[in-house]
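Dear colleague,

I am handing over the structure below, together with some notes on what was found in it. Please read the notes with the coordinates open beside them.

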Amino acid sequence: MHRAVYAASNETKGSMSASEPPKFDEMHAPDGSVREAYRGYQEWLSQQDESWMRHKTKEAESFFRKTGITFNVYGDDDAEERLIPFDMVPRIISGSEWRRLSKGIEQRVRALNAFMHDLYHRQEIIRSGRLPERLFRNNSAWLPQMVGFTPPGGVYTHITGIDLVRTGPDDFMVLEDNARTPSGVSYMLENRETMMAMFPELFSKVKVFPVSDYPRRLAKSLAACAPERTRGKPTIAVLTPGVYNSAYYEHAFLADQMGAELVEGSDLRVVDGRVQMRTTVGYRPVDVLYRRVDDEYLDPLTFNKDSVLGIPGIMDVYRAGRITIANAPGTGVADDKAIYSFMPEIIEFYTGEKVLLPNVDTWRCADPDSLKYVLDNLEELVVKEVHGSGGYGMLIGPTSSKKEIKTFRAKLAADPENYIAQPTLALSTCPIFTKKGLAPRHVDLRPFVLCSPDGVDITPGGLTRVALKQGSLVVNSSQGGGTKDSWVLDD
């Protein structure tokens with residue numbers, strides 16, 4: 001039987017410019033040896049037949065298609081349901097690395113929750129001069145309707161996704177925070193289920209922390225945030241915009257896995273001061289609503305009057321303490337990339353501790369000196385809209401044309417407050433399985449964090465997104481990226 005030779009690929013080395021910093025390969029050391037975390041996997045992989053592995057790749061794609069693991073891309077004239085490409089080489093993190101990461105993630109989420117409470121109450125961080133008032137005064141994600149109100153259990157960020165990047169053995173950094181409606185957890189779960197179905201013997205050889213209990217932990221965490229007057233077991237529902245939403249699969253998946261109800265706005269109404277859902281035996285109160293609908297569509301009586309996705313009057317019920325909305329309305333402020341640039345100050349202000357997980361260096365274009373630097377160095381920087389997401393509205397200087405840079409220069413000059421800039425990082429790489437064998441590709445990691453009055457719960461691993469195109473730094477599925485199973489070793 002022919003055995004495939006799996007080793008570090010030279011695919012990207014030939015195209016690396018002299019000025020480009022070396023990339024950290026998470027599987028292979030510079031001398032080609034396999035790093036400790038990957039040794040068990042490499043030993044198994046070296047014994048597999050290459051043609052059989054290719055067959056498994058097709059098998060995984062077929063599984064994802066049959067299961068319906070798809071997403072939609074908005075703004076595409078040929079929009080259709082697409083598969084998110086899945087790569088079957090896992091991204092592996094050692095237990096000691098994960099323990100360090102967990103401490104930094106927990107510190108950040110606790111600070112984000114404290115920041116949200118302060119921003120809607122005394123605004124001590126503004127009074128102290130540590131954060132400019134303009135960052136929320138002109139921010140559409142900041143909701144005056146939340147001022148003076150504390151959500152049940154004091155929790156704002158019930159579910160948070162913290163996007164991490166790596167540039168070296170001990171160099172992890174936070175790229176952005178996702179505190180509004182973080183998505184992708186269903187892919188984390190399905191990636192693991194697919195790997196275990198295809199390679200059950202591999203999980204006997206390599207001990208990996210499980211992730212399959214995430215829905216149970218999510219349900220438990222949400223139930224702990226139920227209003228004080230809840231009697232008996234809280235009723236949890238997942239509010240979806242409907243089947244045409246890009247993340248509908250995830251909404252339905254999580255509701256099913258949690259044993260919760262999947263509802264649309266038309267299924268809910270305010271009855272006797274409670275938000276209630278329509279059932280075959282009449283209306284039944286909902287205690288916790290895990291909403292996947294943006295703030296502006298949540299209540300047409302409070303926000304967008306034309307919304308047909310929300311529930312008229314739900315904000316009145318919420319402010320009366322009769323329902324929990326997760327995540328709390330107004331948490332989108334934390335997703336703002338200008339706010340992100342102040343996270344080191346925010347963490348120190350609310351925890352009194354030094355930051356354990358640093359930010360990526362960031363220039364705030366609202367600052368004249370920073371703007372000048374950015375305009376002078378556009379060819380070398382990544383520029384992002386402060387409210388942008390999904391890889392849209394950004395410029396990657398080193399891979400952009402002169403025309404694209406010229407266009408972005410005009411945008412920056414016209415509205416500098418709308419942009420931040422960061423260095424083009426040498427993101428770490430993990431191998432993917434290609435027609436020519438293993439080849440390195442850039443990755444990031446989105447751990448999912450649950451927060452309740454009972455504490456902070458971090459699922460070991462998270463969603464690894466991978467840029468499938470050689471040399472690409474954009475990992476978003478909407479921009480051609482894929483996903484991997486993320487392993488945290490039980491060592």
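In which sense do strand 6 and strand 7 pair, and over how many bridges? Strand 6 (residues 236-239) pairs with strand 7 in the parallel sense, over three bridges, where pairing requires that DSSP finds at least two bridges between two strands; V238 stands opposite L262 in strand 7.

This is a predicted model, in which local features need pLDDT of at least 70 and side-chain atom pairs count only at pLDDT 80 or more, while totals for chains, interfaces and linings use all residues. Residues are numbered from 1 along each chain as its sequence is written, and side-chain values use heavy atoms, with hydrogens and water left out.

Helices (H or I, at least four residues) and strands (E, at least two) are DSSP runs numbered from the N terminus. Four strands form an open sheet with parallel pairing, in the order 7-6-11-12. Strand 7 (261-263) and strand 12 (324-326) are at the edges with a single partner strand each, so one side of each has no neighbour in the sheet. The twist averages 25° from one strand to the next, with angles running from 0 to 180 degrees between N-to-C directions and axes being lines fitted to C-alpha atoms, for helices over the stretch in contact.

Helix 9 (residues 248-258) packs on this sheet and touches strand 6, strand 7 and strand 11 (288-291), contact meaning heavy atoms within 4.5 Å; the direction of helix 9 makes about 150° with that of strand 7.

Elsewhere, helix 2 (residues 50-67) and helix 6 (residues 185-198) pack at an angle of about 135°, their axes 11 Å apart.

Best wishes
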